[in-house]
Amino acid sequence: MKSMATATNRHASLVAEQAEALVEAYREEGFTSLKDGEEKLSNQKLTERVRDVLLEKAVVRRKSEVQSHAIEPGDLTAFVFPAVTNPTSPDWPDDDDDSDQAEITKYVWNRVFSAVSKAVQTGRKGSVQRALAADSKTSQLIVCSTKIGTKPKKAVFLSDDKDMILLGLAMQRTTKLSTLSANIADDFSYAIELNPKLRKSLNDKLETGLKAASDTARAKLALTSGDEPDES
């Protein structure tokens, strides 16, 4: 019982230290704010810093700039939180280090890495994308993702160039759509093999589903496209 209580107390102490270390990491970069007299992590301030780093280092307007300008999420996190120990630092704990300090170090990095990665997600839900859209000077910049390096790793960049946006946003979305459609078709085909009587009804369902999805997407695009021609 005593050892169990000791383990429980150690866990509670470690959790508290991890939480305080995370607050300190945010405080160090000015990413906290007072709310009802209590210091809180500020996602808004974090988003603004991430946006500023991307504007300084990761604007791409031609394909030749992708490899040199796009930033991997880990590198972006290190720019945003320079005081936080990261996996490339000599102070990063060894794999077999199970000390409390090692746990705290890994916890803080994982949390800030997750926060930065979430901020730069592509599409309308990304907080950096919304921050860019709110400023007339940056409102045409789109958050894009790609892969860089000889062993391709995910990276992000900003662009207002049509071809770069097609590369870093549109192609990935349409590829996902094609993959989803293919997976649905495979499932329907499997069901038809088991029960051939389903052939016509499932084929009809797939066709109507694809048409409905296409009609919905076209309708939403029509609401924002207006009559402006597409620049070539």
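The largest nonpolar core in this predicted model has 30 residues, and L46, V50, L54, L76, V80 and F81 are the ones with the most contacts inside it. A nonpolar core here is a set of buried Ala, Val, Leu, Ile, Met, Phe, Trp, Tyr and Cys residues joined through side-chain atoms within 4.5 Å. Buried means under 20% relative accessible area, exposed means over 50%, and partly exposed is in between (1.4 Å probe, protein chains only).

Helix 5 gives the largest share, 7 residues. Helices (H or I, at least four residues) and strands (E, at least two) are DSSP runs, numbered from the N terminus. Apart from this core lies another one of 9 residues, including V60, C144, M164 and I165.

**Ground rules and confidence**

Residues are numbered from 1 along each chain as its sequence is written, and side-chain values use heavy atoms, with hydrogens and water left out. Since this is a predicted model, local features need pLDDT of at least 70 and side-chain atom pairs count only at pLDDT 80 or more, while totals for chains, interfaces and linings use all residues.

pLDDT is the predictor's confidence in each residue, from 0 to 100. The protein chain averages 90, and 91% of the residues score at least 70. Confidence is lowest in helix 1, at a mean of 81, and highest in helix 2, at 98. Where pLDDT is low, the predicted coordinates should not be read in detail.

**Who touches whom**

Not counting residues up to four places away in sequence, V80 touches E29, F31, L46, R49, V50, V53 and V116; contact means heavy atoms within 4.5 Å.

Now for Q18, which sits in helix 1. Is Q18 buried or exposed? Q18 is buried, with a relative accessible area of 11%. Leaving aside neighbours within four places in sequence, Q18 is in contact with E103, I104, Y107 and V108.

**Salt bridges**

How many salt bridges are there? The count comes to 11, where a salt bridge is a side-chain nitrogen of Lys or Arg within 4 Å of a carboxyl oxygen of Asp or Glu. Here are three of them.

| Pair | Closest N to O |
|---|---|
| R27 and E20 | 3.8 Å |
| E29 and R49 | 3.7 Å |

E29 lies in the loop between helix 1 (2-28) and strand 1 (32-35), and R49 lies in helix 2 (residues 43-57), so the pair ties together parts that are 20 residues apart in sequence. E29 is buried, at a relative accessible area of 14%, whereas R49 is partly exposed, at 29%.

**Rings**

There are 4 aromatic pairs. Rings of Phe, Tyr and Trp (its six-membered ring) pair if their centres lie within 6.5 Å; planes under 30 degrees apart count as stacked, over 60 as edge-to-face and the rest as tilted.

One of the pairs is F31 with F81, an edge-to-face arrangement at 5.3 Å centre to centre and 85° between the planes. This pair links distant parts of the chain, with F31 in the loop between helix 1 and strand 1 and F81 in the loop between helix 4 and helix 5, 50 residues apart. F31 is buried at 1% relative accessibility, and F81 is buried at 0%.

W109 and F113 make a tilted pair, 6.1 Å centre to centre with 35° between the planes. Both lie in helix 5, 4 residues apart, about one turn of the helix. W109 counts as buried at 6% relative accessibility, while F113 is partly exposed at 30%. As for clusters, Y26, F31 and F81 form one.

Finally, K57 lies over the face of F79, at 4.6 Å from the ring centre. That label applies if NZ of Lys or CZ of Arg is within 6 Å of the ring centre and within 35 degrees of the ring normal.
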